[in-house]
Amino acid sequence: MSEVQRRGLLARLNAYEPLTLIMVASIAGGLFLLQRLTSEVLEGETFHFDEAILLALRRPGELAVPIGPGWLTHAVDDITALGGITVLSLMTVLVTVHLLLDRRWPIAIFVFSSVLTGWLASTLLKILVARPRPDIVPHLVEVSDLSFPSGHAMVSAVTYLTLGALLARTQRYRSTRIFVMGTGVFLAVLIGLSRIYLGVHYPTDVLAGWCAGALWALGCWLISRRFIPSRPPDDVADAAKRYSSAQYMISAGITDKNHDNSDYDHFDGHGRISRLLRRGR
């Protein structure tokens, strides 16, 4: 291995190892939190906490009536529908088709499989814990399955955070990546809170759903960052050609006013594209 190759390898390790360690530590911490929360729920230690919050969201003496104006209940009902299987299925399929049409088939397949397996994991957790629905207050919507973890909270977190994390990798600018991820987090939080307001889940159900969904999305993001290219092969090849041309111009001392302040795509040898801003001399 040449000196240049060794330096390049060290640079990549320094760039990605701290982030990878932080993400792995976050997953470990999240798994511990989920295990502790599940244990407390099974032992009944969280009941008084759950009961106090559910009762606080209803009018004293009229437990069938939630606090707040009448329009709020309708708004919350609309929000909770964003975490339903129908909406999430349509969104996942549409995003997958978009990525396939954009010739990003590796990440398209990974997006679809990540969301699908996340839904299966949610169903498996419900069966294992087998916690019945809360009967502390009347339900404002019809429900029939088990309670822990909240399927809406977990599946919406799995779907929106996974889609957000994977789609953010396809965005060119940092601002759009932050917006995509922020939108996923915002929707997952709103949907989880709506389930508590409607009285169909204990607060700890929603906390567990958020935790499990975020862990799933984080794991998918780590896998995709390591193994799944975010851009079509043609884009990578074009970027390599443009970068080679820019490097030749720089090494040859060529200065062209038409190339001043122009952006070149930098090809790093791993299918990732970062922006290289070259200013004229």
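Predicted model: local features only at pLDDT ≥ 70, side-chain atom pairs only at ≥ 80, totals over all residues.
At 0% relative accessibility, G209 counts as buried, where buried means under 20% relative accessible area, exposed means over 50%, and partly exposed lies in between (1.4 Å probe, protein chains only). Residues are numbered from 1 along each chain as its sequence is written, and side-chain values use heavy atoms, with hydrogens and water left out.

G209 sits in helix α8; helices (H or I, at least four residues) and strands (E, at least two) are DSSP runs, numbered from the N terminus. Leaving out residues up to four places away in sequence, G209 touches P149, S150, A153, M154 and A157, a contact being heavy atoms within 4.5 Å. G209 and G151 are separated by 58 residues in sequence, yet their C-alpha atoms lie 6.7 Å apart in space.

G151 belongs to the stretch assigned to α6 (151-168). Helix α6 has 18 residues and reaches 25 Å from its first C-alpha to its last, close to the 26 Å expected at 1.5 Å a residue; the expected span is 1.5 Å times one less than the number of residues. Of the 18 residues of α6, 18 are buried, so this helix is largely enclosed by the rest of the structure.

Stepping back, the protein has 9 helices and 4 strands. Along the sequence they follow the pattern α-α-β-β-α-α-α-α-α-α-α-β-β. Of the 281 residues, 39% count as buried. Among contacts with a separation of 6 or more, 72% are accounted for by residues 24 or more positions apart. The protein exposes about 15,700 Å², with carbon and sulfur atoms supplying 66% of it; accessible areas come from the Shrake-Rupley method with a 1.4 Å probe, and for residues only the protein chains shown count as cover.

The interior comes next. In soluble globular proteins, nonpolar side chains tend to be buried together. A nonpolar core is defined here as a set of buried Ala, Val, Leu, Ile, Met, Phe, Trp, Tyr and Cys residues joined through side-chain atoms within 4.5 Å. The largest such core has 17 residues, and those with the most contacts inside it are I27, L34, F148, M154, A208, L215 and W221. Helices α1 (3-42), α5 (105-129), α6 (151-168) and α8 (203-227) each supply at least two of its residues. The largest share, 7 residues, comes from α8. A second, separate core of 10 residues includes A108, V111, L166 and L167. Within the largest core, F148 is one of the residues with the most contacts. Its neighbours within four places in sequence aside, F148 is in contact with T38, V41, L125, K126, V129, R131, T204, D205 and A208.

Charged pairs form another part of the picture. Side chains of opposite charge can pair when their charged atoms come close. With a salt bridge taken as a side-chain nitrogen of Lys or Arg within 4 Å of a carboxyl oxygen of Asp or Glu, the count comes to 4. One of them joins R131 and D50 (3.1 Å, N to O). This pair links distant parts of the chain, with R131 in the loop between α5 and α6 and D50 in helix α2 (residues 47-56), 81 residues apart. R131 counts as buried at 10% relative accessibility, and D50 does so at 0%. D50, R131 and D205 are linked in a network of salt bridges.

Another salt bridge brings together R36 and E40 (3.3 Å, N to O). Both residues lie in helix α1, 4 residues apart, about one turn of the helix. An α-helix has 3.6 residues a turn, so residues three or four places apart point the same way. R36 is partly exposed, with a relative accessible area of 38%, and E40 is also partly exposed, at 23%.

V97, placed in helix α4, is partly exposed, with a relative accessible area of 38%.
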